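Here is a briefing on a predicted model. Please look over the sequence and the structure, then read the points below.

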2 protein chains.
Amino acid sequence: MAEASLELVPPEIAHHPAVVRNARKRGKSPREVLLDISLHYAAMKKLRIREKRGRPDIVHVTLLELLSSPLNIEGRLTTFVHTVNDYVIEVDPSARIPRNYNRFVGLMEQLLNVGKVPPDSEEPLLRAIPMTFDNLLKRVGVESVILLSEEGEIMKPEELCRESVERGEPIVIGGFPHGDFDPLIKERASVIASIYKRPLDTWVVASRIASGCERLLKIM
Amino acid sequence: MAEASLELVPPEIAHHPAVVRNARKRGKSPREVLLDISLHYAAMKKLRIREKRGRPDIVHVTLLELLSSPLNIEGRLTTFVHTVNDYVIEVDPSARIPRNYNRFVGLMEQLLNVGKVPPDSEEPLLRAIPMTFDNLLKRVGVESVILLSEEGEIMKPEELCRESVERGEPIVIGGFPHGDFDPLIKERASVIASIYKRPLDTWVVASRIASGCERLLKIM
């Protein structure tokens, strides 16, 4: 997932009354809580690229889909979440994400504040590291990716998975609600593809890709 | 979805201190709030069939998957949610479910308290009616269904959809976290099928079935 809409409240709006009030209600400091448009709508008016921010629910539902997929259960999926403010979350395939949204939010806050979950583990289920998309590619050892974007040429999910396997390139989907990928990410695309003629929610794209890979790999 | 884990707090536990405290915090009466195991765990110990109850998140994520699916966008899906305490929620295919869980909870509370959403609409997006699973089948005009259950024989999602179209029977998935269907529901199954050798989360089953139907109908 690239440019996922998941981050702590940024310093520019940490003093906004709505942000302070919400954080206090939860006994936290404003900089320790997740940015969430359903709570911080008014405060977010001042933020740059705000159409891509404050939607941790997208990451939540998409991770629920991916980690519970037969593809992941069979050990054939590795999931990375690159966020809109350049963190990378490494997800252990065996991680069980909280089903309840409010517990997910608490877990992500711990993750982004401490850097890993559980906080004192040598082999954490989740790890968060400041890292650009480009550096994530270096770390994974690839130079280019298959990018899913509304503007791409229509391909079937199964075909996309075959391309991914044959080229050894990861499939990248946007983790933000509106707008387009950053040009620096688009530059890394060897293929820009789309699976449907209209925009789809991130979790639907994720499940269709997983489903396509499951058919390709004869898992389902 | 059958026996979905979505209901208001039942009278037996409405006086439990944890339930009263949580409701008060939200300015509501205990009987007006959704039963949620992440809030009411201690109070739920006394409930019958409690392993099937208090998980509105399952309905939320599954509806997000189904209503955003190309199958639904193309007008080829009708969704009904039968709940564990025998309500039926009729979902207008054009309904946009809140992405945020807490807003979804607020909407479901309004729905179950008032019977429809928006409350004063002649053509509501969601309607909730006290109705058994059997009466839902009568209302839909079918006598039997294709039931997805861990114990069923393995079939491919696309095959299941073909059966559904050919027999004119709806596909039914369980909307509860653990346990088996009520025997009265199993009696209505003309086919009991499974799409994977291990249990899957409801939203994964829903997305794989939708994906299978999309391929069958050449939507994707």
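Helix α3 (residues 56-67) of chain A lies across β1 and β2 of chain A. Helix α3 runs at about 170° to β1(A). Axes are lines fitted to C-alpha atoms, for helices over the stretch in contact (heavy atoms within 4.5 Å). Angles run from 0 to 180 degrees between N-to-C directions. Helices (H or I, at least four residues) and strands (E, at least two) are DSSP runs, numbered from the N terminus.

**Basis of the model**

- The model is predicted: local features need pLDDT of at least 70, side-chain atom pairs count only at pLDDT 80 or more, and totals for chains, interfaces and linings use all residues. Residues are numbered from 1 along each chain as its sequence is written, chains are lettered from A and ligands numbered from 1 in the order in which they are written, and side-chain values use heavy atoms, with hydrogens and water left out.

**Sheet and helices of chain A**

- Helix α6 (residues 133-140) of chain A also lies across β1 and β2 of chain A, at about 160° to β1(A).
- The open sheet of chain A has 4 strands in the order β1-β2-β4-β3, with antiparallel pairing. Two strands pair if DSSP finds at least two bridges between them.
- β1 (79-82) and β3 (116-117) of chain A are the edge strands, each with a single partner, so one side of each has no neighbour in the sheet.
- Strands β2 (residues 87-91) and β4 (residues 126-130) of chain A pair antiparallel over 5 bridges.
- Val91(A) has Leu126(A) in β4(A) as its bridge partner.

**Disulfides**

- There are 2 disulfides over all chains (cysteine sulfur atoms within 2.5 Å).
- In chain A, the sulfur atoms of Cys161(A) and Cys213(A) are 2.2 Å apart. The link is left-handed, with -85° about the S-S bond.
- Cys161(A) lies in helix α7 (residues 157-167) and Cys213(A) in helix α9 (residues 202-216) of chain A, so the pair ties together parts 52 residues apart in sequence.
- Cys161(A) and Cys213(A) are both buried (under 20% relative accessible area, with exposed over 50% and partly exposed in between; 1.4 Å probe, protein chains only).
- In chain B, Cys161(B) is joined to Cys213(B), S to S 2.2 Å. That link is left-handed too, at -85° about the S-S bond.
- Cys161(B) is buried at a relative accessible area of 1%, and Cys213(B) is buried at 13%.

**Relation of the chains**

- Chain B superposes on chain A by a rotation of 180° with 0.0 Å of shift along the axis (RMSD 0.0 Å). That is the relation of a two-fold axis. Superposition is by least squares on the C-alpha atoms of residues with pLDDT of at least 70 in both copies.
- The copies meet through the same surface, because 100% of the interface residues of chain B are also interface residues in chain A.
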